[in-house]
Each structure stands twice: as structure tokens, then as C-alpha cells.
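The structure is shown first.

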Amino acid sequence: MAMQKPELLPEDVCPCLRTKTMLLNTEYRRSAFEDAFTADTAFFHCLKTMAYHGPDGDDVCPDGCRPGRACYPQPDEVT
Amino acid sequence: MRPFKVIRPTNEKEAMEQVSKGNASYLAAGTDLLNRIKEHVASPDSVVDLKSLPGMNTIEVTDQGIWIGALVRLSAVSSHTDVLSRFPAVCETIIHAATPQIRNMATVGGNLCQKPRCWYLRHEGYSCVKNGGTGCWARDGENEFHGIFDNQICSATQPSNLAPVLVAHEAVIEIASKDGVRELTADQFFIGPSSDPLREVSLEEGEFVRRVMLPESTRAGSWAYEEAREKQSFDWAQASVTLLLDRGGRKGDHRVVLGAVSPAPLRRSDIEKKIDGSDDEIAEASGIAGAGATPLSENGYKIPMLKGLIGKAIRSARSRKEG
Amino acid sequence: MPKEIQIKVGFGDQFRDLTVRIQDDDVKPWQPGDRLNLIGQSTPRVDAVAKVTGTANYSYDQKPKGMIYGKILRSPHGNADIVSIDIDKAKKLPGVRAILTAPEIFEDESARYAGAEVAAVAADTEMQAEAALRAIEVEYDIKPHCVTVEDARKEGAPQVGRGEQVNVARISPRQRRGRRGSNSDMDERLARQEAAVGKVIQDSDVVVEGEFSTQVQTHAPLETHGSVCSWEDGRLICWASSQATFGFRNELTSNWGGVRAKSCQILSEYVGGGFGSKFSAGREGVLGALLAKEAGVPVHLMLDRSGEQLSAGNRPDSLQQMKMGVNKDGVIQGTRIRSWGTPGTGTGGAGAHNDGIYNIGEVDKIEYGVRTNTGGAKAHRAPGWPQGAFALEQMMDMAADEIGMDRVEFRKKNDEHPIRKVEYDIAKDRIKWNRSLTRNGGAEICQGLGIASNLWFSAGGGGASALVRITKDGQVEVRNGAQDIGTGTRTVMGMVVAEELGLEMNQVATRIGNTDDPQGPASGGSTTIGTVTPAARLAAFHAKKELMEIVADRKGWDASELDLKDQEVWRIGEGSTGMTFESACALMDDDAIEVLKGRPRRNYEGFSDTNAGVQAAHVEVNQATGAVKVLKVVAVADAGKILNPLTSESQVRGGVIQGVSFALFERRIMDRQKGRMLNDDFENYKMLGSMDCPEIDVVLLDVYNGKSNTQVMGLGEPPIVATAAAVANAVSDALGVRMYDLPITPKKVLEAIAKRDAAKEVPAQKKGERL
């Protein structure tokens, strides 16, 4: 049952990013998730910290949680 | 909650001995004390349960007045036919207090001895003049519900809804003490921080309230109790006015006592004098509501609130008399 | 292959024919005039008795064998980093079975608000766990803090966050990170827009403006966050207070989370409220699961009330500056909006929807998020809407008054929603809009009326399957793993299946809130019912079809002519065959028919994609004490087809109650000195009680929108949008002075009266200036 990266997360967004919209309306969730990127009432949290900032202390957000960030999971973390 | 021992004394002497041993508190219904223990702002090692003492939960009606035991539940007072007919203002203040559930549990003695509701005092980690430290957090902090009179040392207000009406009726507080029973009038009983910031009532070490007597000689010709608060379901007064007119049939013997605006119920004889039956008595009386007030950053609204309540109280008492 | 069908869409006396394409195995939406037994009838909740008698077992009530108690230690400091945590003394205390520290579990050494998690303990009793928490020695590096938007925005304010994080950031239009060139393009675009809209407003006949603020409101569900966790042979079983059972499971099983359970079952049979705060397992969910693992016995970790108030979510506050240009004919030309709000230690999510609902002309809107050292905001029942509607609806009244137009007519003039156009008149009629009242502070006790609108988007979508099972002995059960957070999903799912099978309510068992059952949605966006019920109806329809085929086969009838009605097998168009449902079931060869169906694709054609709604409030204000009493709220609501008027009405009542509570009472109060929340309890965090509750007059419109086979839309969020706005407008109407800040407390009323009366003595008051 262990989950791989949630399918609707874009390829280059951190697999630890979570937001409410990911749990809704999966029929058109990809577009809904895209909307959430720019929504002014969306909250994003990190699966590792369970907070609105990542392990590096900076904000969790679709623009920021990208490859190259210090806390972005290394490939070997993906089992 | 921190564990504590419960002691059930069988007589008053034993109760006083037990409470003097180490870190102990008296317990009545516990509607205040237990919450303070849970919040870690009271940490007694033992509680001495006064409910095990005999004779403190009765209401005795005499020609001189009505004696109410300290362990009588608030709801039993407010529904007592003699209290209702002779001291209706007392009942009115009670039904404005807390919730029906709490009034069914809380006792008269506990109500008079509860600690102020100041949210700094009731949060662990705020050391102030009232818990053995120095200063008052509310003065430079969140003070919307704090006092506007006598608020220099401590700005917490007396939380008891019963306190002002007992002062207005010159109730006698009977206290069990080591040397036997002693009595204080209500206005002697409730004290401000300049007397002792650690206490709101003048009970000495080991003492507890036994009974409260409402003197027949202070029965009001007419009366009113007006209270303002945010919510109607379960809330504390932001300001209250207790008004007794022509006490004991003595024309002009009025009492105006303000509640929730000062550390002890505040009798205002200056306002009493303005209630003279003249056409402009309401304007005159309410106009000086704020005399002597020293409002803090967020509670200046209590002055117009008091003005409004004084006006309502006079109209209400006058119409009750005429009606 | 999709198939084409003819349906009627519309409401009231406005119906039209429409051809829609639906999934080939889908069933036609119920049509006006269909003979329905349960749908549209007020049906009490199937779990009403269990809930009111206390026999319903919530997560909080679970007590698996051997269960012990978990508690969380929280930072008392407004802003700090954790330097060290010494658990030696704590772990030697009696009863202590497991201790975890936050930096270790969450890779986070910061404690950015008073209430941030520092450590967690599991012990045999609650008292032992608490004693152990207090024995943990923590060394903090205490930093300066800001706990209000006002403080955090000040020049030279202490830094709330870490690293490069500034206190104030533009959140909409969003500042894209790491995309070279785009930000300066954006700045230029915004500058052009500001100039253009500024000119539109300036050229309008009338300009109105105001600055409005709303407070932080905590979710304050009666059941706090948390779970009871038990590991059984490597499988995690979690009784969770959740509004997203599958989302909760995902977080506990994900390869990137702290728990990484190989297998996990979430059980949320009863949930004591969520209001948007229970989508994630949260730190408490992770800590509960890990404490249970370490202790080797089940752990009960539910937040206490203080922890709930401090850390479990809130509606962000707002400061909204609005400027609107309106022409004399009532048409809004343009609107300029700037807003600020705090989502806690982050910056995103605190937007205010003050530009929805009406056509407000050309819009120039910029929103800022402001970091504060406070507990994090979360989605809260219609995120951004009640606060936005409050500001917008004050502006609507101000503009209408300025041009001398009736306040409702002015709204109609700038509103195209076909349903709301009808709802205005119903609301006006029910509140007696044209009645005469002592308004404008004309007496000690004065009264006023206010009106406001709402909007929502909740037809539901994919992401749900339902399993319907009919047994040979006539038992029927429907299952979906989603939760019912108090909305009535459990009941309505059963109604839909009973209707399809021609049965009574008590003949259908429903099982919900269990992730071993088919996938269900999170209860968010008011989409649960619109997502779950079409799947349930489809599964029931196909189960019926299978049963009818068995009957036809045995009896030599034609299955396509058979249907189930009134607990009997009917021949379509002719009536009952006399065969009961039970005897039909007895004809099965197998033990049961089981049908699993996913939620059919949404119909893209239809009537209206959105819920409308209008609310009107009648209030009384006592000018002597500043007390506001909401006498009555008329709530006109629509949500597609109303399946169960009783539970729908309850949704609306709940929204109005929480809305009045937001308007008058609720607010988080922060001590700026130590940076702590002062009213982290139900004594000083004031919520509406029974004596503060107005008469609530609910009017429901039944709309055939053709969007799905049940045509229902959600109704959890829409009814809270307009309430505070309508109440505030009514208070302003009563007092003759605008109310700019929520909640409208006696203090603010008395202060507004004082300013009004002072302004009366200065007749040359500038127009539009804030009093």
C-alpha cells in the first residue's frame, strides 16, 4: 500500500508537498491542482515537517518545492 | 492535572487544622479551583473538602434577615421563595451568572471566594502582583475586560456576580476562624489590591465563609440589576449596576454598586445622591458614571456602558415601583 | 461511449429541455414530476438517536484493549529555536512508555509560535503523561516575535520567519519564484492595471471607499484533532477525527512521511466537526502513530482544548481596503482592492474573496500575506469568503446609499445569477424589507435590516466509488469510505440507494468512514454529497438491474420491463407484479449481488454550475449597552436538487449560526507581550450560545441542474458566506453609522456611536471618509 509520488503532482514538484485540493474532485484534479498553485486561499504543507515550512526552514509552495532545494528528496529516498 | 489529596474533615476545627498543613486549599463545588489546578495556576498538594462539614447548606429565614449557608448552591438561592420575595435583586444577579449547569453546582461561598478571571492570572507563566510577582500584564496588554477604577496596582476585576448586591444590602459575612466566628460586612469583606494584592477577600489563613446574612433592614423599596456582556449564553459581565431604592422603607436611602469595573464592588454614593426623583435624575446620575475612572488602552468603552446601565437601572427601578 | 438523453433543467417556473451526453452506463437524473418515495422528503439522520444519546462512538471515545494516553508538549514562547531537549528525568517517571521529540520526528528545530509542538509522551494515564511532559527540560533560543498583522507590517519589525523570509509578501497575483524576468513583467502589468482602473474609478459618477477588518476565527470543532492508533501485526489502525480519511491514510503510508506504515486503515465512523481543519493527519496524527509504535500498545492522542485552539487551525484575519466607482444608473464601473491577512508563520492562503458574487467592473486587486508568530491558518468553511463578503457587502450598501438607490435593487443591477435574481425577492418578502423601523440610532433601542449574497461551486466530481450489496435474504448495504463530518452524508447516501431500490430507509444499511471500503473524497469544497451520491445511485441502479435479470430469468419475464417500487417488483407502466423484494432476492443462486461503481463523469451541460443564495438579517441594537441582538436571519439557499430538506436545512442553520458567531463574538486574542493566545479555551473564546441564536428562516429552492444523476450540490460552505455581511449591514442600518470591523462587540458599537455623535457636531464631514 505504500504510496509512490501522488500522480497529480507535477513531475518537478517535491513529493512531500501536500494541499487540500489534492484530495478533491479527482476527475479534473490536475487542473484543480494547477488552480491551487495560484489560489489566494490555498495552504501547502510538507509531509516531513507537517508544517508550512520545509526541513530547510523556507516556505512550502509549488514554486519553491523544486529540485535543487536543499531538502528536496534524493533519488535514493524514493523506495 | 497534578494529583492532589482530598481531605474530608468532620468539623470546622479539623478543617482549619488540615488546611494549615502545608500546601492546601479549601474546596467547595470546585467550579473555580479545579479549573485553576488543571491550568497549573493553582497546585495544592491537598484539598480540604468543606462539603463534608455539617450545617452549611441551609437557608434560614428569620425576622432579622435571611441566613444563607456558604455551601448552598446558587440555584437553590435564586429559587428560594423567601429570598425571591424579600431580596429579589439577589436572585436576579444569580441568574445572570454562568450557566444553569454551573449554578446547580456552584456554592455561595465559592462564588464569593473565586479568583478573578484575568486571563494573565489564569495562564501559567505570567508572574504578576497577584500571584506573588510584580506588575500587571494587562496594563500594557489585552485589557478590554479589565477594570477602569482602582486599576493601578492590578486591573483584574471582582468576578462574583453576587458581590455587588451583597454590598448593596450590607450583607453580613460570617467567617469561621481559629478564634471562633467573626463577622464582616460585605464592603469590608471584599478588598482591593492596595490592601493585599494576593487576596480579593479578607479571609485570614485557615478561615472560610460559613454563612451570609441578608439584613431585613436593607430590603429595597424598589431595585434593579443591569448587566452588559458580549454573549447572553454564558458570559461574564463587562459592567453591571446594582441599584436599591429606599432601603428599609427609608426614603432616599439608595445604594448604587458597580460591578466588573474594579477590584472590589464599587459603591458610588455620589451617584446615589443624584437619584432624587427629579426629572433629570437619570442624566445627572449617569453623567458622573466615569468620575474617577482611569481607563486603560482598550476599556474606555466601559464608561459609556456604565452610563447606559445606570440609566436603564433607574428607569427599571422606577417603573417597578410604580408598576 | 457516452449516450445522449433528454432532460429538463431549471427551477420554479423556469424549465427548459436540454440534451446532455452522459456516460453510457449512467442513469438519467430524476425529473420534475417523477414519483419519488424518499428523495425530497425530510428524513431524520439515521444516526440522530446515537448522536444525541451519546452512544455514537467518536474517535475520542475509542478504547482498544491496553490503550494508553499521549500528550504533546508545546513551546510557551512567541518565537524560538529549540536548542536541546533533555528527556532523562521524564522517561524515568512512572507509567511513561514512549517519548518523542519534534526536531527528531519533523526535521524542524524551530518553534515559531507559542503552541508549536516540542515533544510528545505516551504514558499509562493522562496524569502521568502530563507529569512527564512537565519533566522534559527544553532549552530555547528565544527570538523576538510579532503576533499581529499590524506589528509584523511595521518598519523594522522583528523577523517572524527564518533565513531570507520577509514578513510581508504579495500572494496574489502570485510572485513566481525562480522564473527570471517574470516578476518585473508582473510589476509592470500591475502598475498599468492600477493606473487604468484608477482612471475608471475616477471617471465614475460616485466614488466610495472604506477599510475593513476581520478577525482570526478558530475552527473550534467540539471533537478536537487527533486519533487513537493501534499497530496490529504491522498494520496501523487509526481511529481518526478526520474530514479526509483517504488523505489521512496517504500521509501515514507515504514513503516521504514520518510514519511510512506499510498498511493502514483509517476509521472515522463519527466525526465531531472539522470545518476545513481536518484534511491532514497533522503533527498530532504522526505523533500518535509513532508513539503507539514505540510503546507497543494503542495510544489515545487527542488534543486538549488549548492545543486545539493554539495549533489546529483558524480562519485568517483580513485588512481590506476597497475603493469603488459607481455610475448614477447603479452600474459599478471599477474597484480597487488591497488586502492583508495572516496565515500564521507562512504567507500564503490568507486571501479574501471580496471580488466575487457581483460584477464590480474593472478590478485592480493585490493581496498580501503577512507572517506572524501564530498558529497556522487552515481552510475554514468557505475559505476567504465570509471575510471578503463582509467588506464587499458594506461597500455595496455604501454605494447604493450614495447614489440613492434601494440596496437590493442596486445588487440586482450588478448581479446576473439566474437563481439569485429570484432569491432576492424571497428574502425581501420574508424579512419584510420595506417595513418601518426605528433606524439610524433614532432611539435607545433601534433596529435595522441588512442583506448579502453568497456564491459557491459544488457539483462534485470524480474520486468516489460506492459498493452496493444485496444479499439473498434481502439485506442491503451501501459502502463508501468517506466520512460524514456532520453534514448528513451517511443518511443521504442511504436515501439514494433506498430510492433506487424501491425500499424504505430502514432497509438499507450504510457504512462510511472506513478506508478499507471504496474510495471517497475529502469533505472539502462542499463536494462530498455531489461526489458520493451519484456513485451510490449508479451502483444501486446496476445492482437492481442484476436482480431484475435474475427475476426475469426465473419467471420468464423481460428484465427491461421490470423495476423495484414500494418494496415489490413492478412491471414498468403496469404496476406491481405482487412479488416482494425479499422473494425476488431469494431467487439468487449466489449469496449476494455486489456492484462497485465509480462516480460517473460529470455532465458539462446543465442549468447552473454554481449555488447562489441570499441572506437577510434583522437586528436590534441597544445603544445604552452596545449589545447587538440578531432577531432573525432569512437564509434563501439552493444546492441543486434538494435530496433531504431536513439535513439541507440543518446545513444552512449551521452556516448561519457560525456566521452570526463570526459577526458578533469569535476572535483569537493574542498577548503581544509574550506572544501567546490568551483565549485558548471556551470561556474567553466566545461562541454563539443558544440564547444568542436568532430565529433562522430557511428557504430552500429545488434546482434541476442536470449535472449528475442526483443533481445535488453541496451546502456546507455557501450558507456561511453572507451571514456576517448581512448582520453587519443591519447593524449599520440600525445605528446610522458604518461598522468596519468584525466582530461587532459592545465595545465597538459604543465606540462607533461616540464617533457618530461627535461627527454630528461637525457638519462639514468629508464625504466617504471613515468615521
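## Domains of chain C

The centres of domain 3 of chain C and domain 4 of chain C, taken over C-alpha atoms, are 39 Å apart. Domain bounds here come from an automatic or database domain assignment. For chain C that assignment gives domain 1 (59–143 + 220–311), domain 2 (168–174 + 192–218 + 316–389), domain 3 (417–458 + 607–760) and domain 4 (460–601).

This is a predicted model, in which local features need pLDDT of at least 70 and side-chain atom pairs count only at pLDDT 80 or more, while totals for chains, interfaces and linings use all residues. Residues are numbered from 1 along each chain as its sequence is written, chains are lettered from A and ligands numbered from 1 in the order in which they are written, and side-chain values use heavy atoms, with hydrogens and water left out.

Domain 3 of chain C and domain 4 of chain C together bury about 1200 Å², with 55% of it on carbon and sulfur atoms. Buried area is the accessible area (1.4 Å probe) that two parts lose on being put together, summed over both. Between these two domains the rule finds 0 salt bridges, a salt bridge being a side-chain nitrogen of Lys or Arg within 4 Å of a carboxyl oxygen of Asp or Glu. It does find 8 residue pairs in polar contact (both at pLDDT 80 or more) across this interface. A polar contact is a pair of N or O atoms within 3.5 Å; within protein, one must be able to donate a hydrogen and the other to accept it, and residues adjacent in sequence count only if both atoms are side-chain atoms. By class, the side of domain 3 of chain C that touches domain 4 of chain C has 7 nonpolar, 9 polar and 1 charged residues. In this count Ala, Val, Leu, Ile, Met, Phe, Trp, Tyr, Cys and Pro are nonpolar, Asp, Glu, Lys and Arg are charged, and the others, Gly among them, are polar.

## Chain A against chain C

Of the 2 pairs of chains in contact (heavy atoms within 4.5 Å), chains A and C share the most contacts. Here 44 residues of chain A are in contact with 69 residues of chain C. The two chains bury about 4400 Å² between them, 50% of it on carbon and sulfur atoms. Between chain A and chain C there are 16 residue pairs in polar contact (both at pLDDT 80 or more). On the side of chain A that touches chain C, α1 (29–38) and β2 (44–46) of chain A each supply at least two residues. The most comes from α1(A), with 3 residues. By class, that side of chain A has 22 nonpolar, 11 polar and 11 charged residues. Helices (H or I, at least four residues) and strands (E, at least two) are DSSP runs, numbered from the N terminus.

The rule finds 1 salt bridge across the interface of chain A and chain C. Chain A and chain B, by contrast, are joined by no contact, and their closest C-alpha atoms lie 26 Å apart.

## Salt bridges

Over all chains, a search of the whole structure finds 95 salt bridges. The table lists some of them.

| Asp59(A) | Arg371(C) | 2.7 Å |

Arg667(C) counts as buried at 13% relative accessibility, and Glu144(B) is buried with a relative accessible area of 10%. Buried means under 20% relative accessible area, exposed over 50%, and partly exposed in between (1.4 Å probe, protein chains only).

Within chain B, Asp196(B) is buried at 19% relative accessibility, whereas Arg199(B) is partly exposed at 25%.

Glu230(B) and Lys686(C) are both buried.

In chain C, a network of salt bridges links Glu393(C), Asp397(C), Asp401(C), Arg407(C), Arg411(C), Arg439(C) and Asp733(C).

## Asn514(C)

Asn514(C) is found in the loop between β23 (508–511) and α14 (528–555) of chain C. Its relative accessible area is 7%, so Asn514(C) is buried. The side chains of Asn514(C) and Gln265(C) are joined by a polar contact of 3.0 Å. Leaving aside neighbours within four places in sequence, Asn514(C) is in contact with Phe246(C), Gln265(C), Ile266(C), Leu267(C) and Gly481(C).
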